[in-house]
Number of protein chains: 2
Amino acid sequence: MPRKTSAEAIFPAPGHDHERCASDAITHAEAICAARAERLTPIRRRVLEALLASHSPLGAYDLIDRLAVRGSRPAPITIYRALDFLREQGLVHRIESRNSFIACVHNHDSGDPVVFLICEKCGTVGEAASAAVADTIKNASRAAGFTPKTPLIEISGICAHCKVA
Amino acid sequence: MPRKTSAEAIFPAPGHDHERCASDAITHAEAICAARAERLTPIRRRVLEALLASHSPLGAYDLIDRLAVRGSRPAPITIYRALDFLREQGLVHRIESRNSFIACVHNHDSGDPVVFLICEKCGTVGEAASAAVADTIKNASRAAGFTPKTPLIEISGICAHCKVA
DNA sequence: CTCTTTTTGTTGCAGTGCAACATATATGTA
DNA sequence: TACATATATGTTGCACTGCAACAAAAAGAG
């Protein structure tokens, strides 16, 4: 069952039921990993939880800070390995223009191109999955004789909530 | 006068007249800077030339290597400052997904969104300026109540020349 | 020629990202 | 159960990215 019914863009409203949204995503991650016989180990889970606790993308060192407990900090490589795993499973995306990472709140078909909407004011990142965008881009690429694989689309701007304020 | 007549995608063919293509671009850069009363200093010019000598994007340290002469290497900040300038003038683009830079071979109207086509095999980067892509993306953003500013579109794939081989 | 602005040089550092190897933990198999 | 294998994590170390802050030099304006 999809966690989001709308196929449209998703931009998290401030003050939405975030606890719920995050715990749903964890449940989803467990299901995905179980189905694929992959292991959602404690570290991987904690990295995912930290990302889910923020709608803004987090850098690797933000994650280190958030996973640190009583003087014990995970090494960068530990975080990167967890991120690699989560990205392979499609549970986390990398925001290239910010060198940072965000938990995925879609159910992607793998390879589905995603459009990231990055608010310059509040830093919140929304995802939009648009077949129209995907098609247009494929056509434009083919016009250049180019065989596209993974489109990367990141758009800076102002989200609806910040625009009002 | 536009250096490219086609409004279509541009993917440099291996073995094209690169000397010519690069020297045209330098001429264009001089014209741009003159018109804006900006200074295309020797360092800025050499950075641009180094980028023009490669259709693959170069990292900042690649540029340091290429500008180094007889034991004297420019400091990273020197390169970044030149790149900042060139980017402000629209003469250079940053490829976010690779942390690297490429000389622009278009005549952009400023703010024009550009699609980068990055060949996974040969590393060559082509540019496509597509109004259709720009429009589609704007619409998708607006559907989420998002006010887009600067779309960033980078597509990995295989270019026509590598596909044949 | 002097003052001001712009550009470059120098030093230093924080963030990003991963390689290579060692250790520990799971999983499978006899 | 004991052993072999595969997977995951810990440790060390380092290369690349990117820029801040200040000093020195060069270009332009009056």
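Student: Hi! How many bridges join S5 of chain A to S5(B), and do they run parallel or antiparallel?
Tutor: Strand S5 (residues 147–158) of chain A and S5(B) run antiparallel, joined by 11 bridges. Two strands pair if DSSP finds at least two bridges between them. Strands (E, at least two residues) and helices (H or I, at least four) are DSSP runs, numbered from the N terminus.

Student: Which residue is the bridge partner of A:Pro148 in S5(B)?
Tutor: That is B:Gly157. A quick note: this is a predicted model, where local features need pLDDT of at least 70 and side-chain atom pairs count only at pLDDT 80 or more, while totals for chains, interfaces and linings use all residues. Residues are numbered from 1 along each chain as its sequence is written, with chains lettered from A and ligands numbered from 1 in the order in which they are written.

Student: Okay, how many residues of chain B are in contact with chain A?
Tutor: 35 residues of chain B touch 35 residues of chain A, where contact means C-beta atoms, placed from the backbone, within 7 Å.

Student: Which element of chain B gives the most to that side?
Tutor: S5(B), with 12 residues.

Student: New topic: what is close to DNA strand D?
Tutor: 18 residues surround DNA strand D, and A:Thr41, A:Ile43, A:Ala75, B:Gly59 and B:Tyr61 are the closest. Near means that the C-beta atom, placed from the backbone, lies within 6 Å of the strand.

Student: And which element gives the most there?
Tutor: H4(A), which gives 4 residues to the surface near DNA strand D.

Technical notes: Contact = placed C-beta atoms within 7 Å.
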